[in-house]
Amino acid sequence: MIVEIPFWVILYNVTREGEEIVFPYNNKWYRCDISKVPQDFFKLRQLKLWLEGQYTSNESLQVDLSRKPYIKIDIEECEEISDRYPL
């Protein structure tokens with residue numbers, strides 16, 4: 001099932017197993033391996049880091065600002081986790 005998650009609630013996390021995102025949905029928390037995350041997330045993350053001054057690059061980035069910043073994620077590809085999951 002594909003769900004839309006607001007970009008601003010998605011947390012980027014690095015564990016011993018690798019990179020992942022963590023996010024809330026329907027009063028539960030989920031984690032998703034970075035390999036299963038849509039490209040839209042990476043574009044918005046790059047823009048966010050650039051705006052915060054944490055990312056500098058000479059490459060151009062195109063983001064459709066008329067579209068709400070929601071990321072479509074297949075919730076069945078994600079793992080439900082405890083709200084005490086270490087970040």
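The largest nonpolar core in this predicted model has 16 residues, and those with the most contacts inside it are Ile10, Ile21, Phe23, Phe41, Ile71 and Ile73. By a nonpolar core I mean a set of buried Ala, Val, Leu, Ile, Met, Phe, Trp, Tyr and Cys residues joined through side-chain atoms within 4.5 Å, where buried stands for under 20% relative accessible area with a 1.4 Å probe, counting protein chains only. At least two residues of this core come from each of strands S1 (2-6), S3 (18-25), S4 (28-33) and S5 (70-74), and from helix H1 (39-51); helices (H or I, at least four residues) and strands (E, at least two) are DSSP runs, numbered from the N terminus.

If we leave out residues up to four places away in sequence, Ile71 touches Val3, Glu4, Ile5, Phe7, Ile10, Pro38, Asp40, Phe41 and Leu44, a contact being heavy atoms within 4.5 Å.

Of its 87 residues, 28% count as buried, and residues 24 or more positions apart account for 60% of the contacts with a separation of 6 or more.

Two notes on method: residues are numbered from 1 along each chain as its sequence is written, and side-chain values use heavy atoms, with hydrogens and water left out. Local features need pLDDT of at least 70 and side-chain atom pairs count only at pLDDT 80 or more, while totals for chains, interfaces and linings use all residues.

Technical notes: Buried means under 20% relative accessible area, exposed over 50%, partly exposed in between (1.4 Å probe, protein chains only).
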